[in-house]
Amino acid sequence: MCRVNVYIFFSFVIIGFCGFSQQNNELTQFMEQVDQMVPGQDKLRLLDSLSKQINELKWSDTKFYKEHYSKYALQHIDLAKQLDSIDLAAFRTSRLTYHYLNIINKPDSAMVIVNNIIPDSNKIKKRINLGHLYVKRAAAFYQIDNLEKAIVDYEKAERTYHQTRDTIFEADALYFNGQATERLGRLSEAILKYQKANELYGKMKDTAYVAYTGLAISGIFSQLYLLDKSFEERQKIRELLNQQQQKDIVALSELKINDSRDYVKRKEYEKQGEALQEALALIANDEKLGASRFRLRGYLSEFYSKRGQLDIAKKYLDSLKMFPDLVNSPYDKMFYLQAASEYELASGRYQNAIPFLEEELEMFTKSNDLQSQVHVEKELHKAHYGSKNFAEASKHLEKHLLLKDSLYNIRRSNSIIYYRTLYEIEKKESKIAAQNANISILEEKNKAKRNLMIFGGVGLSLLFLSIYLYRNRVFLLRNKKLQQSFLQELLQTQERVSKRISKDLHDSVGQSLLLIKNRVTQSKDEQTAKVVDNVIDEVRSISRSLHPFKLEELGLTVTLESSVEMIDENYDIFISADIDNIDQVFDPEKEINIYRLVQESFNNILKHSNARSAEIRVNNKENDVEIVIKDNGKGFDVSQEKTAISKIGLKTLSERSKFLKASFKILSEIDNGTTLIFKIPKYA
């Protein structure tokens, strides 16, 4: 009997293989036919049919699907764009992103194809397709942990779906937006998005996603350590799901995972393990939920490692390694890293755990997941301590404590915001209830007292928060002043050092070179004498650039005129100058800074402007001295240039202006030259 069953089994395998083989041969011939066609509407229709047929093999012949689907889907999209069928190209692009995001885990590729179609958004007539593109690009940003950009695209999708009245897609965008916002730690914003999505799903009678949004709200209660409320919320969801004829195993599994997390916070570890096993059992037989099973096996490996049951932990860890696509996935990789690091720590192989933990920390830092960073820093402390690297262990312990304090402050702030939101919601509900029901005077008095107590509590919380924010502001302002003071002291020190070096070059090196020149002259070596002359000129030039001794001997006015004349003579640029007498107006320290302002301004013109002419005007007014330096060069975008950290020239001009308590203004447009205006007060 057993032998007969084996024969029957192998017969079915052979028949199935032959069926797949025949289907693949037919598709291969179809592909060859399409490849030979001239681009046009006929080829577009055949590419559409071919892409659909390959897509149908997604689960039955995954290898063939992965080899060919993206190639012909991309050809379909490109040809649709060439034939100006932008709506078709947009629709197929959103379909192809599912392949990149959910099948082969390549979010960067998904982003590239969406960015290729988004510039043509004005040509997309069915605006729902544009909404789909925003959602797919947001999902790509989400997978690579660029959450701020993901939120921007989700909000664009929300507005688009709202305009097209596609309620179910609008709810999806709100729900996904809530997930990204929650990961950034903005819990009060996330709750509002989840609640709005929950309301829309309720209107559409989508029980599954009513459950998912409720599950998300429960998760936020858990983060705020409102564990009873978290369990209560999940119990409502469980009752809702159990009323359905067809069980939503994914939602029920997620409920169990969330139960396990709260059991950890209650230190009920046996219940944690049971909940994880039940979650895995719910999805064990669904082939499409491979990523969810991968995540749960990672959780179980981590759980058994912490419990010291290393044989079981290793079994689950080894099962993760059987899925290299998920191990190397930008998102799912973290579950493998957590399981591997915990197993190595539990096994006493502290040095082996460190690379896994460091990679985890990099991922969580990139995604701004502060709670996970706190945990990993603690584990790194443990690993380095176990490896006898006490210095590194101490460093990670310090970071752990610092992040833990930050997390506490964020949780406290989120709690304040959450309770304030609760208060606003309760206030609104009270108003509606008062309009629709006859409430007794006693109940009204009790409610007023309760609201007053809540308001007082929220008010006090906001007061403490305001004080905290004020202290932070004072601290930031103080730091800014210290930074400015340091920069100004640095400029003064630089000037003193330059003056000393300049004097040494002039008095010591210069005199020595003159003696050498005299001796060479006596020996009648004209060639060497010429070289020595050039060296003397170079030393004098360096000395003058380091510190303008003319400033002390002849005054600021003559020094500025001389400097402008030297630039005019030595460079291919015409400079006009109109300089009022400003000698004895400022003290020597300010005079050298004014000279440097002019010098650095002309250096910028010579290096960057490509100007053919420039002018300088120095106007000695009643209360201030105005310096205007203008060129006819290529100009630049002032907003971008002033914010660029690399523009050291502008930064130095700004700092010198602050030292002089002067106003500094830049006027420039691309291809229209640049004007610098300094107004230096005389009596500041």
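**Surroundings of T93**

Leaving aside residues up to four places away in sequence, T93 touches I77, I113, V114, I117 and L133. The model is predicted.

- T93 belongs to helix 4, which spans residues 86-103.
- With a relative accessible area of 0%, T93 is buried, because anything under 20% counts as buried.

**Packing of helix 17 and helix 18**

- Helix 17 (residues 333-346) packs with helix 18 (residues 350-366) at an angle of about 150°, and their axes lie 8 Å apart.
- Helix 17 is therefore roughly antiparallel to helix 18, since angles over 145 degrees are classed in this way.
- The crossing of helix 17 past helix 18 is left-handed.
- On the helix 17 side, the contact is formed by K333, M334, Y336, L337, Q338, A340, S341, E344 and L345.
- On the helix 18 side, their counterparts are Y350, N352, A353, F356, L357, E359, E360, M363 and F364.
- The residues of this contact comprise 11 nonpolar, three polar and four charged.

**Loop residues with positive phi**

- D84 lies in the loop that runs between helix 3 (62-82) and helix 4.
- The phi of D84 is near 65°, a positive value in a residue other than glycine.
- D84 is exposed, its relative accessible area being 53%.
- K267 is located in the loop between helix 12 (249-265) and helix 13 (269-282).
- For K267, a residue other than glycine, phi is positive, near 60°.
- K267 is exposed, with a relative accessible area of 64%.

Conventions:
Residues are numbered from 1 along each chain as its sequence is written. This is a predicted model: local features need pLDDT of at least 70, side-chain atom pairs count only at pLDDT 80 or more; totals for chains, interfaces and linings use all residues. Side-chain values use heavy atoms; hydrogens and water are left out. Axes are lines fitted to C-alpha atoms, for helices over the stretch in contact, and angles run from 0 to 180 degrees between N-to-C directions. Helices (H or I, at least four residues) and strands (E, at least two) are DSSP runs, numbered from the N terminus. Angles under 35 degrees count as roughly parallel, over 145 as roughly antiparallel, 65 to 115 as roughly perpendicular and the rest as oblique. A crossing is left-handed if the near helix is turned anticlockwise from the far one by less than a right angle, and right-handed if clockwise. Contact means heavy atoms within 4.5 Å. Ala, Val, Leu, Ile, Met, Phe, Trp, Tyr, Cys and Pro count as nonpolar, Asp, Glu, Lys and Arg as charged, and the others, Gly among them, as polar. Buried means under 20% relative accessible area, exposed over 50%, partly exposed in between (1.4 Å probe, protein chains only).
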